[in-house]
Each structure stands twice: as structure tokens, then as C-alpha cells.
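Here is a short briefing to read alongside the structure.

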Amino acid sequence: MKSEEKFRSLLTYTPDPIFVHDGVKIMYANEAAANLVGTTVRVLEGGFISEYIDPTKVDIAKSITEEVISKHKPLYDFDFKIRSKSGEIIDAVLSAIPFSYMGKKTVMISCRDITVRKKMELALKESEERYRHLIENVPLGIMIHQNSIIQYANSTALRLLGAEKIKEINGLNLFNIIHPDYHQVVSKRIERVKEGHFTTPLYERFIRLDGREIDVEVSGLPTKMNGESAVQLVFWDVTERKKEEDLIRYRAYHDTLTDLPNRLKFHIDLEEEIKKDTMFTILYLDLHGLKPVNDSYGHQAGDMVLIKVTARLTGILNSEGRVYRIGGDEFAVLLQGVKNEEEIKEITHKIDEILKQPIYISNTIIQVTTSIGVVFSPEHGKI
């Protein structure tokens, strides 16, 4: 009796909730236990233990009690759900210890309320799930890599890279999917991110798993993964946009009828040649006979003549120089390297002869000729 009185005196003021029960009735409870379930010690003691257990956990509680008593073996720190006097379910961590009390084999339960922690864990889990759902369904490719080894890719990234499952991407070296032309710039950007900087979107080219190349814009930002520093890439496919931009740029520098480089491209290339400070030659061609064709047969016939003249010029000159259409019936040829007068005479003779050949348009034979001017650089001065 003295030991039990000492026991009660010791546990009464213990801050942890303590219950002692024999599997059916509560034989002892301290003040902290009463406060936990929202009642008094007087009400608790003598009451049924099942009243203070989540109804879905009653059978589990019986099994635990029987095991602890029969095997005389404690069970420490297991999650459980208890019920308050008002019916509120409380998440708790329990320890069940075999104990002899008032001459009976009993179980002493110590517990601590983890309801707040559980709510926080649930809120965190829900937040992570919402974030994961957002990341998985965002129409942007997202990848995370550590030391250039890919550790994560969302569903959009998998689709853009031609993969069906994450295991096809995970573990790959990042540079396996980056076009070699961009390895150097990507390496520098990775170092910037590792220093804590966010990198703005930059055009790059990726190589899909099937070998097809796609144009992408990529930004990078520092992040963490498994407690270690990592780099998160956000990218999107700009292949179609790039094609449109390339087409617009191409059309800005090419004649729409003949598809030859135009006057603007001629001046750009000419400036580049002058900067090189090397020798080159320019031929200026002025067609004769095009106006009568336009007047007699219409501009469509004149266009066909220009197309056929272009084919003849590029056929004999593409191996030696670049051909440009710089006006309605004006062409220019840029010949790189040293050309002496004999070589130029041979080239101009070829041009003259090929353009004299009859042109057949709408069952009509048309003939055009050309005047050719020659400029040597730097012999004839800076242009």
C-alpha cells in the first residue's frame, strides 16, 4: 500500500498524462490525464477505458493490452488516437508499460498530445501535394539537377524530352540532352546559379531521347534537394516560334521572287569582307531586254525570266561566289580571294554566254543580255 501511495504521489504532479488500467477499467489517472480528455480524475477513475479510445482503435487497444500484460513487455512511442469526454479525437504518442497495481496486472499508459503537430504535418503534406500537383501539371518543363546529374523532371519535361517515365531521365547527365554548341554557355550559367544567382531566360537547344533537336528557352535558379544544393531549370519549347523568327529573318535578307540574298544582305556581307581586310572582287550585272518582256507578255512572264536567269547564274557561280539580286533587273556577285584579270574575264565570259541562251516562256523564245561592271578591292579603293 505504501508503494502505491508513493506511486500516486509521484505521478499526480507529473506533467505527462498517465493512465493505469486493467484492460477494462481505469484504476488510476493523474490530473494531466484528466485535463487531456476534458474531465476530472474522479470521473476518470473507475470509468471504462474504452470510453477514451477512438472507436476505430478499440480492437487494436485490446490487442496491445493483452500483449503487454501477457508478455510483460513494454511498448514505447507508438501513434494512437484517444477520445476526449466530449468525443473529440486526439492524436497522441503512447507508451504502454506492464505494471502491478492494487494486486492486479495492469498497463500504465503515458501519453503526449501531438494533435497540433499532426495538423501541421497534414497541412505541410497537403501543401506539398498541391505544389507537386502544380509542378506536375504546369505547362513548363521543370528539371532539378545536382552536379549536372538530373534528379527530377516533371511530366511536361518528360514529354518535351521524349520520355514516358521518370526513370528514363533520372540519373542522366544534363549535358547529354544539351546540344554541344551550348555546353560552354550552360556551364557558365550553372556556376552563376551555384553562386546564388537567378539566370534569365536564354535560348538553347536540347536533344530529345529520340535524337530530335528542339529549340528551348531556359532559366535557372538555386534550390535544395534532399538537403543539398541543386539547380532548378525551367524551360519551354520555342521550336515553332524559332522557325517563325528564322523565316522572318530570312525573308528580311532574301528576295521573295528569286530567293537570292537581297540588297540589304549584300551590304552586310560587303561590310564583313571589308573588315577582314582581304582581297575580293565584285561583279555588277545589269540585264537588258526585261522591260520589253514585261510590256509584251506581262510581269508574270518577266518574273519567270528572272527566275530562270537566277538559276543560270547560281548554276555557274555558286562554287565561285555569292549571287545577290540588288534591284529589279540588277544582280551582284561577290567573289572572295585574289582574282586576276584573266580569271575575271573567264567568269564574265561564262556569265555572258549562259545569259545569251534562249529562254522559253509561254511558247515564246526570249533573249536577254547583260552588262557587267567589275570592282577589285582594295585595288579600286575602299567601298
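This is a predicted model: local features need pLDDT of at least 70, side-chain atom pairs count only at pLDDT 80 or more; totals for chains, interfaces and linings use all residues.

*More on α10*

- Leu 290, Val 293 and Asn 294 are the buried residues to look for in α10, which covers residues 290-297.
- Viewed down the helix axis, the buried residues of α10 fall within an arc of 95°, so they line one face.
- Asp 295 and Lys 291 make a salt bridge, with their closest N and O atoms 3.0 Å apart.
- These two partners, Asp 295 and Lys 291, are four residues apart in α10, about one turn of the helix.
- Asp 295 has a relative accessibility of 56% and counts as exposed, and Lys 291, at 59%, counts as exposed too.

*Salt bridges elsewhere*

- Across the whole structure, a search finds 23 salt bridges.
- One of them joins Lys 81 and Asp 91, whose closest N and O atoms are 2.5 Å apart.
- This pair links distant parts of the chain, with Lys 81 in strand β3 and Asp 91 in strand β4 (residues 89-101), ten residues apart.
- Lys 81 is partly exposed at 28% relative accessible area, while Asp 91 is buried at 15%.
- Asp 269 and Arg 322 also meet through their side chains in a salt bridge, at 3.3 Å from N to O.
- Because Asp 269 belongs to helix α9 and Arg 322 to strand β12 (residues 321-325), their pair ties together parts 53 residues apart in sequence.
- Asp 269 is buried, with a relative accessible area of 8%, whereas Arg 322 is partly exposed at 31%.
- A network of salt bridges links Asp 269 and Arg 322 with Lys 265, Glu 273 and Lys 276.

- Glu 379 is found in the segment after β16 (369-377), and its relative accessibility of 59% makes it exposed.

*Positive phi angles*

- Most residues other than glycine have a negative phi.
- His 72, which is not a glycine, has a positive phi of about 50°.
- His 72 sits in the loop between α4 (58-71) and β3 (75-83) and is exposed, at 58% relative accessible area.
- Asp 259 is not a glycine either, and its phi is positive at about 65°.
- The loop between α8 (239-252) and α9 (263-276) holds Asp 259, which is partly exposed at 36% relative accessibility.

Key: Residues are numbered from 1 along each chain as its sequence is written. Side-chain values use heavy atoms; hydrogens and water are left out. Helices (H or I, at least four residues) and strands (E, at least two) are DSSP runs, numbered from the N terminus. Buried means under 20% relative accessible area, exposed over 50%, partly exposed in between (1.4 Å probe, protein chains only). The arc is that of the directions from the helix axis to the C-beta atoms. A salt bridge is a side-chain nitrogen of Lys or Arg within 4 Å of a carboxyl oxygen of Asp or Glu.
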